[in-house]
Amino acid sequence: MTSTTLPYASTTSTTPRASGHLHTRPGFWRAPFAGATYREIGHTLTSLPVAIAGFVFAVTMFALGVSTLVVWIGLPVLAAALGGARGLGAAERGRARSLLGLDVAAPAPAGPGLRGRLTDAAGWKALLFHTVMFPWRVLTFALSVTFLVTGWVVALFPAYSWVFHRYLDWPGYRLYDFTTDAGAHHAYYVESPAQIAAVSAIGFVLVFLTPQLVRGLTNLDRVAIRSLLGTTR
């Protein structure tokens with residue numbers, strides 16, 4: 001009697017992942033206190049200096065290359081611009097992997113020689129990325145900082161509301177205080193426990209909305225990184 005050995009089916013797939021997400025998205029109520037949220041916020045904050053450097057490099061090198069094409073010096077300058085944009089793109093993929101949990105594979109290498117570098121589609125897409133993402137990342141930086149700081153400062157208002165009465169001789173936090181031309185005086189202070197609690201509640205609303213805002217902002221970064229800086233695996 002002979003025995004037949006059936007082919008072994010491995011449970012480990014070697015097929016590249018189509019998604020590329022490394023981090024699990026926290027739930028709504030846990031998001032303001034989750035590490036993944038602050039990694040995304042860290043991405044939006046560090047994106048501003050990175051975007052400035054990438055934009056200056058891309059615009060300067062492209063303008064220099066185009067302006068010197070008539071004397072043929074522009075060709076190697078453009079090739080250097082595309083190679084540098086690829087290098088900056090690799091750094092961006094690394095930031096996205098560690099801060100956004102997005103794993104994007106590098107594009108295929110450029111072809112050999114000057115012609116291969118100048119016809120490198122991945123290099124041109126990287127150059128485009130560093131140009132068009134600059135205004136977007138200025139906006140994401142401003143919105144992230146504004147919502148993050150405002151939310152926590154307002155939410156924790158009960159912890160320091162006593163400062164205004166003790167050191168400024170105000171009955172509470174002064175929202176406005178002015179006198180009209182007719183001599184009428186108008187002032188409003190946040191001083192009662194109910195008012196303080198209402199202000200704090202507004203702050204906590206912003207605290208819980210901030211992770212959703214940052215997630216929406218970084219989603220566009222994810223799309224741009226996938227489509228312009230590499231191949232999703």
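User: Which residues does threonine 68 touch, not counting residues up to four places away in sequence?

Analyst: This is a predicted model. Threonine 68 touches Ile73 and Gly74 once residues up to four places away are set aside. Threonine 68 sits in the loop between helix H1 (35-67) and helix H2 (74-100).

User: Is threonine 68 buried or exposed?

Analyst: Buried means under 20% relative accessible area. Threonine 68 has 18% relative accessibility, so this residue counts as buried. A polar atom of its side chain lies 2.7 Å from the backbone oxygen of leucine 64.

User: How many residues does H1 have, and what span should they give?

Analyst: At 1.5 Å a residue, the 33 residues of H1 should span 48 Å. The end C-alpha atoms of H1 are 47 Å apart, which agrees.

User: Where does H1 bend?

Analyst: H1 bends by about 35° at serine 47, and proline 49 follows within four residues.

User: What does helix H4 look like when read in that way?

Analyst: Helix H4 covers residues 121-155, 35 residues in total, and reaches 49 Å from first C-alpha to last. That is close to the 51 Å expected at 1.5 Å a residue. H4 bends by about 45° at phenylalanine 134, with proline 135 following within four residues. At the N-terminal end, aspartate 120 caps H4: a side-chain oxygen lies 3.3 Å from the backbone nitrogen of alanine 122.

User: How is a pair of aromatic rings described?

Analyst: Such a pair is described by the distance of the centres and the angle of the planes. In this structure a search finds 18 aromatic pairs. One of them joins phenylalanine 28 and phenylalanine 208, with 5.9 Å centre to centre and 25° between the planes, and is stacked. The two residues are 180 residues apart, and the pair links distant parts of the chain: phenylalanine 28 is in the segment before H1, phenylalanine 208 in helix H7 (residues 193-229).

User: Which of the accessibility classes does phenylalanine 28 fall in, and which does phenylalanine 208?

Analyst: Phenylalanine 28 is partly exposed, at a relative accessible area of 36%. Phenylalanine 208 counts as buried, at 16% relative accessibility.

User: In which sense do strands E2 and E3 pair?

Analyst: Strand E2 (residues 173-179) and strand E3 (residues 185-190) pair in the antiparallel sense, over six bridges. Tyrosine 173, for example, has valine 190 in E3 as its bridge partner. The two strands form a hairpin with five residues between them. In the turn, glycine 183 has a positive phi of about 95°.

Note on methods: Residues are numbered from 1 along each chain as its sequence is written. This is a predicted model: local features need pLDDT of at least 70, side-chain atom pairs count only at pLDDT 80 or more; totals for chains, interfaces and linings use all residues. Side-chain values use heavy atoms; hydrogens and water are left out. Buried means under 20% relative accessible area, exposed over 50%, partly exposed in between (1.4 Å probe, protein chains only). A polar contact is a pair of N or O atoms within 3.5 Å; within protein, one must be able to donate a hydrogen and the other to accept it, and residues adjacent in sequence count only if both atoms are side-chain atoms. Contact means heavy atoms within 4.5 Å. Rings of Phe, Tyr and Trp (its six-membered ring) pair if their centres lie within 6.5 Å; planes under 30 degrees apart count as stacked, over 60 as edge-to-face and the rest as tilted. The expected span of a helix is 1.5 Å times one less than its number of residues. The bend at a residue is the angle between axes fitted to the seven residues ending there and the seven starting there. Two strands pair if DSSP finds at least two bridges between them.
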